[in-house]
Amino acid sequence: MVGVIIGERITRIVAESHNWEPRMQIQNTPELLELSKSEISIGGDKRNALQIKFRFTTKYGTDAGKIEIEGLLYYTDTPKALELLEKEWKAGKQIKDEDARILLVNRVLETSFLQAIALAEEIKLPPPIQMPRLAPVEKKVEKTEKAKAS
């Protein structure tokens, strides 16, 4: 069973726009930076948790601009699972539990992309992800019309 993210908080935002580059590449990088024990109060109850510091960076071209978002995630699980995650982090600065890692990185992406899209608009850079677009539906030619054309 995977634990639960019980909260997040943005702690730092940097948005810079420099020289526009035609056809610039946009590179998004989520990173988990630190992991430490924490005690969280939820409805008057104290729970053991992990506080995970993260950074999300969007880099535009070679020097067209960047957006950097840092924050904290609060993650809880069984005491044994939290202890194992902390031990793994201390040993190699990584989370080996794939389910927990995916959960954490996905939350970093969700939280950060929402901020980065708005920031990119403010500093006149393209959004960090391809926005969905509607396309016209191809009209089907009826079989009778095809037969007449033959």
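How many residues does helix α2 have, and how far does helix α2 reach from its first C-alpha to its last? In this predicted model, helix α2 covers residues 98–122, which amounts to 25 residues, and its reach from first to last C-alpha is 36 Å, close to the 36 Å expected at 1.5 Å a residue.

**Ends of the helix**
- At the N-terminal end, α2 is capped by Asp97, which places a side-chain oxygen 3.0 Å from the backbone nitrogen of Asp99.
- After α2 comes Lys124, a residue with a positive phi, near 60 degrees.

**Buried residues and their packing**
- The buried residues of α2 are Ala100, Leu104, Val108, Thr111, Ser112, Phe113, Ala116, Leu119 and Ala120.
- As background to such a list, residues three or four places apart point the same way, because an α-helix has 3.6 residues a turn.
- The packing partners of the buried α2 residues are the strands β1 (4–17), β2 (26–42), β3 (45–60) and β4 (65–76), together with helix α1 (79–92).

**The aromatic pair**
- The structure holds one aromatic pair, formed by Phe56 and Phe113, whose ring centres lie 5.1 Å apart and whose planes stand at 70 degrees, so the pair counts as edge-to-face.
- Because Phe56 belongs to strand β3 and Phe113 to helix α2, the pair ties together parts that are 57 residues apart in sequence.
- Both partners are buried: Phe56 has a relative accessible area of 0%, while the value for Phe113 is 17%, and the cut-off for a buried residue is under 20%.

Methods:
Residues numbered from 1 in each chain as written. Predicted model: local features only at pLDDT ≥ 70, side-chain atom pairs only at ≥ 80, totals over all residues. Heavy atoms only, no water. Helix = DSSP H or I, 4+ residues; strand = E, 2+ residues; numbered from the N terminus. Expected span 1.5 Å × (residues − 1). Buried < 20%, exposed > 50% of the residue type's maximum accessible area, 1.4 Å probe, protein only. Contact = heavy atoms within 4.5 Å. Polar contact = N/O pair within 3.5 Å; in protein donor to acceptor, adjacent residues only side chain to side chain. Phe/Tyr/Trp six-rings, centres within 6.5 Å; stacked < 30°, edge-to-face > 60°.
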